Amino acid sequence: MTTSNHKAPFPWHILFFLAPGLLIYVSISVYPLLDTLWLGFFEEDESGQRFFSGLKNYQTLLFDAVWSEPFWNALWNNTKFFIVHMLVQNPIGLMLAVLLSSPRLQWSNSYRTLIFMPTMLSVVIIGFVWQLLLSPIWGISENFLYDIGLGEYFDAWLGNEGTALTTLSLISVWQFVGIPMMLIYASLLNIPDELIDASVVDGSSAWQTFWNIKLPLILPTIGMVSILTFVANFNAFELIYAVKGALAGPNFSTDIMGTLFYRTFFGFQLQSGSITMGAAVATLMFLIILIGVAIYLFLVQRRMQRFQL
Amino acid sequence: MRNTPLKGAGFQMAGLALGIAISSTSVQAADWLVIESWRNDDTKIWSDVIIPAFNKVHPDIKVEFNPTPPSDYNSALSAKLQGGTAGDLITCRPFDVSLSLYNKGYLEPLNDVEGMKHFSDVAKSAWVTDDGAANFCMPMASVIHGFIYNKEIFEELGLKEPRTETEFFDLLNTIKTESRYIPLVMGTADQWEAATMGFQNVGPNYWKGEEGRKNLISGDEKITDDQYVKVWEHLSKWSPYMGRGYKGQRYSDSQNLFTLGRGAIYPAGSWDIPTFNEQADFKFGAFFPPVPDGQDTCYISDHTDIAMGINKASKNKKSAKIFLNWMASQDFAELYSNALPGFFSLANHKIEIKDPVAQEFLSWRDECQQTIRNSYQILSRGTPSMENELWNVSVQVLNGKMTPENAAAQVESGLSKWYAPHQ
């Protein structure tokens with residue numbers, strides 16, 4: 001048998017087709033990421049000379065109170081930011097998707113477009129518009145509340161330590177609610193009508209149909225939406241920066257990982273920036289997201305039941 | 001003309017071609033200077049007034065003013081310097097921000113620039129190495145803190161400028177009880193006003209200007225000392241007189257409220273004068289920070305705020321130095337101080353200021369002792385930066401979330417974490 005000794009030629013064509021994508025991915029994503037991880041192990045002196053210092057940046061960041069207090073504060077605020085999105089954005093997104101997919105709803109395309117619109121606007125515009133709406137000086141929200149009899153509850157929500165973060169989270173929810181809506185809407189449309197019809201024939205109410213037929217079928221999408229929310233929230237920065245600036249006041253109550261990173265890396269006013277410390281913060285942000293995604297993949301995604309439709 | 005028309009045309013063509021050749025070489029020879037700055041408010045004045053004036057003397061050097069918004073300036077500049085894309089002339093922040101740029105080798109030493117002789121050591125002090133060996137930016141201007149007030153409202157209510165603290169708070173009280181105007185127009189949403197127009201504005205009266213500032217650096221005084229706690233005590237009394245919703249009020253909101261005539265007194269820096277000149281249609285005046293009762297000497301913050309340096313990586317250093325020397329001239333000092341009333345030239349030239357409010361601010365130099373902001377030299381070098389801490393705690397004191405004692409304790413404990421004289 002001669003064919004057994006014959007080696008198949010190296011599959012150059014595979015390499016050829018992979019190369020463009022791989023090159024782009026490696027050069028603009030993998031390399032900067034690895035370089036950031038590497039940079040986090042260095043320190044810089046006054047003259048800008050870098051020297052290797054191992055895990056010292058991380059030790060400072062996690063255990064020296066000057067750095068660790070802002071760090072844990074930012075992490076906790078970021079978690080609250082995420083919780084608000086999970087509790088408000090995704091349920092509303094789900095509800096809107098279910099409403100939109102109802103065959104009896106008229107103008108559903110217009111609603112869909114209108115609700116998705118803010119997602120496409122620049123965060124700077126969103127921040128500016130909402131600041132004006134909520135402004136205690138020029139804003140319309142105070143009069144609006146008076147008109148519906150809730151005037152005394154008005155406050156400068158963006159300026160109070162207790163309410164600023166929640167207000168900002170809700171602005172962000174308002175902006176991005178279109179994304180879970182669209183994703184869930186798309187997967188709702190994928191459910192075959194026969195299944196719904198069969199459940200109606202079997203006598204289930206609208207609620208039972210949703211709970212027992214639709215929800216289990218769109219659960220993987222909801223899982224995906226959650227993980228996208230997680231990644232986006234822990235990378236968030238623009239809205240807070242646009243509205244509260246890099247010092248994320250009052251008293252750092254709106255400081256999240258993104259703004260902490262910005263202050264560390266670029267510096268702020270008289271505080272000079274540190275590229276290496278910034279890289280360490282960025283690495284921790286990366287690790288937090290990595291851990292979150294891993295937990296989701298191993299604990300949730302694998303156990304999820306999928307149905308062949 | 002003896003030439004045939006054709007010949008003449010030929011000459012003209014040749015002349016034209018030569019002309020193009022000459023002008024194109026002269027364009028190549030002309031240096032193109034780009035100025036990095038955070039003063040985006042001044043873009044128009046630079047392009048319409050200052051640069052044309054420079055080009056009258058040096059028509060062969062083209063200058064472009066290329067500002068970045070103030071809050072992004074420091075980060076954008078250091079990124080550009082690292083990437084080698086920064087302009088030739090760098091507008092310098094005072095003290096450590098620029099010092100660190102010099103230490104990293106981004107700024108050219110300017111000791112040999114002739115124009116530097118027109119500046120006093122005090123003026124140069126914000127842009128010199130710790131050992132005093134190298135100057136790296138040429139001082140441009142200082143800004144003075146104080147209060148600007150709406151003269152029409154003062155006339156309407158029959159008020160006069162306060163000199164002492166009691167008078168000041170009585171005045172605020174009168175405005176609050178007898179009119180619908182906002183007594184004190186300032187917000188805490190942007191944070192920096194609380195420290196800059198609040199703490200650094202009224203503070204020097206308490207810590208005795210330079211004396212206190214130097215003692216703080218040497219460690220002889222602590223922020224927890226009485227005189228500093230009193231500054232925050234003073235600030236905590238402002239809250240009832242600030243407008244409704246001041247916690248959500250931004251700097252631009254405050255400027256608009258004041259220029260719309262809805263507020264009486266505006267804690268200010270002289271840099272607000274050009275904006276107010278343009279936007280307010282009423283007469284406004286200024287008074288210096290009221291002194292504590294029984295104190296004779298007044299202290300003002302006359303802050304060396306802005307300077308100009310040369311990018312070490314610039315290819316046009318020679319032209320850049322010509323520009324700096326021009327900036328040290330009497331002409332520039334006069335032009336700048338009058339085009340931008342409120343920015344006071346730091347050069348030793350005698351200049352005449354035409355704007356009445358700017359004159360008022362400037363007159364305090366004779367009446368009061370001057371100092372600069374106490375957090376700018378050395379004390380904001382480490383982590384946490386004292387300047388950031390001052391923003392944060394001053395806002396909290398004004399918001400009623402923190403007592404003056406706790407504010408002082410937090411800033412002192414921040415300093416003690418890295419600054420040996422305070423340990």
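Me: Why is the meeting of A:Glu142 and B:Arg244 called a salt bridge?
Reply: In this predicted model, the side chains of A:Glu142 and B:Arg244 have a nitrogen and an oxygen 2.6 Å apart. The rule asks for a side-chain nitrogen of Lys or Arg within 4 Å of a carboxyl oxygen of Asp or Glu. An Arg and a Glu at 2.6 Å meet that rule, so the pair counts as a salt bridge.

Me: How many salt bridges does the rule find across the interface of chain A and chain B, and how many residue pairs are in polar contact?
Reply: The rule finds one salt bridge across this interface. The count of polar contacts is nine residue pairs, with both residues at pLDDT 80 or more.

Me: Which elements of chain A give two or more residues to the side that touches chain B?
Reply: They are α3 (65–100), α11 (238–244) and α12 (257–266) of chain A. The largest share comes from α11(A), with four residues. By class, this side of chain A has 19 nonpolar, nine polar and five charged residues.

Me: What makes up the contact between the chains, and what area is buried there?
Reply: Chain A brings 33 residues to the contact and chain B brings 36 residues. About 3,100 Å² is buried between them, and carbon and sulfur atoms give 52% of that area. A:Trp138, A:Gln269 and A:Leu270 supply 23% of the area that chain A buries against chain B, more than any other three residues.

Me: What makes the space lined by A:Phe266 and B:Pro70, among others, a cavity?
Reply: A cavity is a set of points where a 1.4 Å probe fits but cannot get out. The space in question is the largest cavity, with a volume of about 60 Å³. A search of the whole structure with a cut-off of 30 Å³ or more finds five cavities, and a volume of about 60 Å³ lies above that cut-off of 30 Å³, so this space is counted.

Me: Which residues of the two chains line the largest cavity?
Reply: From chain A come A:Phe266, A:Gly267, A:Phe268 and A:Gln269, and from chain B come B:Pro70, B:Ser71, B:Asn74, B:Ser75 and B:Arg93. At least two lining residues each come from β3 (267–268) of chain A and α3 (70–83) of chain B. The largest share, four residues, is from α3(B). The lining divides into three nonpolar, five polar and one charged.

Me: What lines the second largest pocket, and which of its residues are the closest to its centre?
Reply: The second largest pocket holds about 1,000 Å³ of space. It is lined by 32 residues, and the closest to its centre are A:Glu44, A:Ser272, B:Arg381, B:Gly382 and B:Thr383. Two or more lining residues come from each of β1 (42–44), α2 (56–63), α3, β4 (271–272) and α13 (275–300) of chain A and α4 (96–103) of chain B. The most come from α4(B), with five residues. By class there are seven nonpolar, 13 polar and twelve charged residues.

Me: Which peptide bonds are cis, and where are their prolines found?
Reply: The bond from A:Gly249 to A:Pro250 is cis, with omega near -10°. A:Pro250 is in the loop between α11 and α12 of chain A. The bond joining B:Thr383 and B:Pro384 is also cis, with omega about 0°. B:Pro384 is in the loop between β10 (369–371) and α17 (386–398) of chain B.

How values were computed: Residues numbered from 1 in each chain as written. Chains lettered and ligands numbered in written order. Predicted model: local features only at pLDDT ≥ 70, side-chain atom pairs only at ≥ 80, totals over all residues. Heavy atoms only, no water. Contact = heavy atoms within 4.5 Å. Buried area = accessible area lost by both parts, 1.4 Å probe. Polar contact = N/O pair within 3.5 Å; in protein donor to acceptor, adjacent residues only side chain to side chain. Nonpolar A, V, L, I, M, F, W, Y, C, P; charged D, E, K, R; others polar. 1 Å grid on protein atoms, 1.4 Å probe; cavity = no way out; pocket = protein on both sides within 12 Å on 5 of 7 lines; lining within 4 Å. Points joined across faces, edges and corners; volume = space filled by probe spheres on them.
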